[in-house]
Amino acid sequence: MGSKYTKRYTEEFKRDAIALVDSSGKTVTAVARELGISSESLRGWYRKAKADRGEGVPGELSSAEREELKRLRRENREQQQTIEILKKATAFFVKENDR
């Protein structure tokens with residue numbers, strides 16, 4: 001959620017920038033300077049691409065794994081909410097039965 005001044009780059013641009021880092025032998029900072037983009041942006045894209053190829057830091061999640069984790073967390077949160085609603089409904093009906 002960047003500010004309104006954050007530039008948006010296409011996936012194609014990101015892929016090309018990453019390929020340039022891989023093929024040129026230059027540092028991420030040097031390539032970023034040539035392309036006129038933030039070195040931190042390019043570094044993040046590069047790190048993510050390496051993780052997706054299985055070349056990242058051990059324990060680092062790939063994009064697919066991150067998406068699955070996000071989905072599972074959302075699903076878990078929804079199920080917890082459902083459980084809370086069912087608990088309240090059960091307590092309500094038990095109270096109504098006791099009358």
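## Close-up views, legend by legend

**View 1. Serine 62 is a buried residue, with a relative accessible area of 14%.** Buried means under 20% relative accessible area, exposed means over 50%, and partly exposed is in between (1.4 Å probe, protein chains only). This is a predicted model, in which local features need pLDDT of at least 70, side-chain atom pairs count only at pLDDT 80 or more, and totals for chains, interfaces and linings use all residues. Residues are numbered from 1 along each chain as its sequence is written, and side-chain values use heavy atoms, with hydrogens and water left out. You'll find serine 62 in the loop between H3 and H4. Helices here are DSSP runs (H or I, at least four residues), as are strands (E, at least two), numbered from the N terminus. Setting aside neighbours within four places in sequence, serine 62 is in contact with Ala51 and Asp52; contact means heavy atoms within 4.5 Å.

**View 2. Step back for a moment and the protein shows four helices and zero strands.** Along the sequence, that reads as α-α-α-α. The radius of gyration is 23 Å, well over the 13 Å that the globule rule gives for 99 residues, so the protein is more spread out than a compact globule. That radius is taken over C-alpha atoms, and the globule rule is 2.2 Å times the number of residues to the power 0.38. Along its principal axes, the C-alpha trace spans about 80 × 35 × 20 Å. Among contacts between residues at least 6 apart in sequence, 31% join residues at least 24 apart.

**View 3. Here is the largest nonpolar core, built from eleven residues.** They are Ala17, Ile18, Val21, Val28, Val31, Ala32, Ile37, Leu42, Trp45, Tyr46 and Ala49. A nonpolar core, for the record, is a set of buried Ala, Val, Leu, Ile, Met, Phe, Trp, Tyr and Cys residues joined through side-chain atoms within 4.5 Å. In soluble globular proteins, nonpolar side chains tend to be buried together.

**View 4. Zooming in on H2, the buried residues are Val28, Val31 and Ala32.** Seen down the helix axis, the buried residues of H2 fall within an arc of 100°, so they line one face of the helix. The arc is that of the directions from the helix axis to the C-beta atoms. An α-helix has 3.6 residues a turn, so residues three or four places apart point the same way. What covers the buried residues of H2 includes H1 and H3. Alanine 32, leaving out neighbours within four places in sequence, touches Ile37, Ser38, Ser39 and Leu42 in the contact sense. Just after H2 comes glycine 36, which takes a positive phi of about 75°.

**View 5. Time for the rings: the structure holds four aromatic pairs.** Rings of Phe, Tyr and Trp (its six-membered ring) pair if their centres lie within 6.5 Å; planes under 30 degrees apart count as stacked, over 60 as edge-to-face and the rest as tilted. One of the pairs, tyrosine 9 with phenylalanine 13, is stacked: 5.1 Å centre to centre, with 20° between the planes. Tyrosine 9 is partly exposed at 25% relative accessible area, and phenylalanine 13 is partly exposed at 27%. Phenylalanine 92 and phenylalanine 93 have ring centres 5.3 Å apart and planes at 75°, so this pair is edge-to-face. Phenylalanine 92 counts as partly exposed at 47%, whereas phenylalanine 93 counts as exposed at 53%. Tyr9, Phe13 and Trp45 form one aromatic cluster.

**View 6. Glutamate 40 lies in helix H3 (residues 39-52).** Glutamate 40 is exposed, with a relative accessible area of 53%. Its side chain makes a polar contact with the side chain of arginine 43 (2.7 Å). A polar contact is a pair of N or O atoms within 3.5 Å; within protein, one must be able to donate a hydrogen and the other to accept it, and residues adjacent in sequence count only if both atoms are side-chain atoms. Glutamate 40 and threonine 29 sit eleven residues apart in sequence and 8.2 Å apart in space, C-alpha to C-alpha.

**View 7. Leucine 69 belongs to helix H4 (residues 63-97).** Leucine 69 is partly exposed, at 32% relative accessible area. Leucine 69 and lysine 48 are 21 residues apart in sequence, and 16 Å apart in space from C-alpha to C-alpha.
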